[in-house]
Amino acid sequence: SVSHVADVVGPEGLVYAVEFSHRPGRELINMAKKRTNVIPIVEDARHPQKYRMLIGMVDVIFADVAQPDQARIVAFNAHHFLKTGGHVVISIKANCIDSTAPAEKVFAAEIQKLVAEKIRPLEQLTLEPYERDHAIVTGVY
């Protein structure tokens, strides 16, 4: 995902990529050697205060973290780094949040969490038939 975002942003933009796991973090660092617009950060996105000195205000947060508290993680990072009027793009994997609930209910609950954090949803797209129980939600802060 990061390499695709880096390509879309182009050489004039920057992509701050936060990865928690060490092996994918090493892969991210190696990829960033080829894509000089990527700033790799091997850290837990739940704790943006640990990397706040590396990142300025940003226009967009793209999140694909597959964690039960994903909406909270996105909102917390938005409060730290996202410009007013900035956008979020969040990939929601329903089974990672609640494997017992129907996917549509999980998506709706995650959107409500974003709304509670001042992120106004703009669009929701399911990824069927490519990915089951996955959705992309965009919003504005």
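**Fold and local geometry of the predicted chain**

The protein chain contains 5 helices and 6 strands, where helices (H or I, at least four residues) and strands (E, at least two) are DSSP runs numbered from the N terminus. Read from the N terminus, the order of elements is α-β-α-β-β-α-β-α-α-β-β. The radius of gyration is 15 Å, close to the 14 Å that the globule rule gives for 141 residues, so the chain is as compact as a globular protein of that length; the radius is taken over C-alpha atoms, and the rule is 2.2 Å times the number of residues to the power 0.38. The structure is a predicted model, in which local features need pLDDT of at least 70 and side-chain atom pairs count only at pLDDT 80 or more, whereas totals for chains, interfaces and linings use all residues. Residues are numbered from 1 along each chain as its sequence is written, and side-chain values use heavy atoms, with hydrogens and water left out.

Along the principal axes, the C-alpha atoms fill a box of roughly 40 × 30 × 25 Å. Of the 141 residues, 35% count as buried (buried, under 20% relative accessible area; exposed, over 50%; partly exposed, in between; 1.4 Å probe, protein chains only). The chain exposes about 8,400 Å², of which carbon and sulfur atoms supply 56%; accessible areas come from the Shrake-Rupley method with a 1.4 Å probe, and for residues only the protein chains shown count as cover. Among contacts (heavy atoms within 4.5 Å) with a separation of 6 or more, 54% are between residues 24 or more positions apart. The mean positions of the 16 positive and 17 negative charges lie 5 Å apart. For this value, Lys and Arg count as positive and Asp and Glu as negative, while His and the chain ends are not counted; each charge is placed at NZ of Lys, CZ of Arg, CG of Asp or CD of Glu.

Strand β6 (residues 134-140) is largely enclosed by the rest of the structure, because 5 of its 7 residues are buried. Strand β6 pairs with β4 (residues 82-93) in the antiparallel sense over 7 bridges, pairing being assigned if DSSP finds at least two bridges between two strands. In β6, A135 stands opposite I92. Strand β5 (residues 120-126) also pairs with β6 in the antiparallel sense, over 6 bridges, and here V140 of β6 stands opposite R120.

The loop between α2 (22-34) and β2 (38-42) holds R35, which is partly exposed at 26% relative accessibility. Beyond its neighbours within four places in sequence, R35 is in contact with S3, A6 and D7. The C-alpha atoms of R35 and V2 are 9.9 Å apart, with the two residues separated by 33 residues in sequence.

Most residues other than glycine have a negative phi, and most peptide bonds are trans. The peptide bond from E128 to P129 is cis, with omega near 0 degrees, and P129 is in the loop between β5 and β6. The loop between β5 and β6 also holds D133, a non-glycine residue with a positive phi of about 60 degrees. D133 counts as buried, at 18% relative accessibility. K118, likewise not a glycine, has a positive phi of about 75 degrees and is found in the loop between α5 (103-116) and β5. At 63% relative accessibility, K118 counts as exposed.
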